[in-house]
Amino acid sequence: MAIMELTVQGLTCGHCVRAVTEAIQARDPAAQVAVTLDGGKVRAETVLDRLAMVAAIEGEGYKVLG
């Protein structure tokens, strides 16, 4: 597993946290996900690579900035 942190635009509420967390865990059920609304940070310990993480997050309608 690797730890990855991405900056995501549009994270504003608890629904956003849940949507992003569930999207990542749908692809990697063992992923440990932490979402920080202030600054829009998504940090995950996961087996997913960066492209898979971005696809999961953007599939929920958010934009990954970095």
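**Figure 1. Surroundings of Ile24 in the predicted model.** Setting aside neighbours within four places in sequence, Ile24 is in contact (heavy atoms within 4.5 Å) with Ala31, Val33, Val42, Leu48, Met53, Ala56 and Ile57. Ile24 and Ile57 have the most contacts inside the largest nonpolar core, which has 21 residues. Such a core is a set of buried Ala, Val, Leu, Ile, Met, Phe, Trp, Tyr and Cys residues joined through side-chain atoms within 4.5 Å; buried means under 20% relative accessible area, exposed over 50%, and partly exposed in between, with a 1.4 Å probe and protein chains only. S1, H1, S3 and H2 are the elements that give two or more residues to this core. Helices (H or I, at least four residues) and strands (E, at least two) are DSSP runs, numbered from the N terminus.

The model is predicted, with local features requiring pLDDT of at least 70 and side-chain atom pairs counted only at pLDDT 80 or more, whereas totals for chains, interfaces and linings use all residues. Residues are numbered from 1 along each chain as its sequence is written, and side-chain values use heavy atoms, with hydrogens and water left out.

Figure 2. Thr46 is buried, with a relative accessible area of 1%. Its side chain reaches the backbone nitrogen of Leu48 at 3.0 Å, a polar contact (a pair of N or O atoms within 3.5 Å; within protein, one must be able to donate a hydrogen and the other to accept it, and residues adjacent in sequence count only if both atoms are side-chain atoms). Not counting residues up to four places away in sequence, Thr46 touches Met1, Ala2, Asp28, Ala31 and Met53. Together with Val42 and Ala44, Thr46 belongs to the covered face of S3, while Lys41, Arg43 and Glu45 form the uncovered one.

**Figure 3. The open sheet of four strands.** The strands are arranged in the order S2-S3-S1-S4, with antiparallel pairing; two strands pair if DSSP finds at least two bridges between them. Strand S2 (32–36) and strand S4 (63–64) are the edge strands, each pairing on one side only. Six bridges link S1 (residues 2–9) and S3 (residues 41–46) in the antiparallel sense. Opposite Lys41 in S3 stands Thr7, and opposite Arg43 in S3 stands Glu5.

**Figure 4. The hairpin of S2 and S3.** Strands S2 and S3 run antiparallel and are joined by five bridges. Val35 stands opposite Val42 in S3. Four residues lie between the strands of this hairpin, in which Gly39 takes a positive phi near 100°.

**Figure 5. Helix H2 and the sheet.** Helix H2 (residues 50–58) lies across S1, S3 and S4, and runs at about 35° to S1. Axes are lines fitted to C-alpha atoms, for helices over the stretch in contact, and angles run from 0 to 180 degrees between N-to-C directions.

**Figure 6. Position of Gly14 in helix H1.** Gly14 counts as partly exposed, at 42% relative accessibility. The C-alpha atoms of Gly14 and Leu51 are separated by 24 Å, and these residues are 37 residues apart along the chain. Two helices and four strands are present in the chain, and its elements run β-α-β-β-α-β from the N terminus on.
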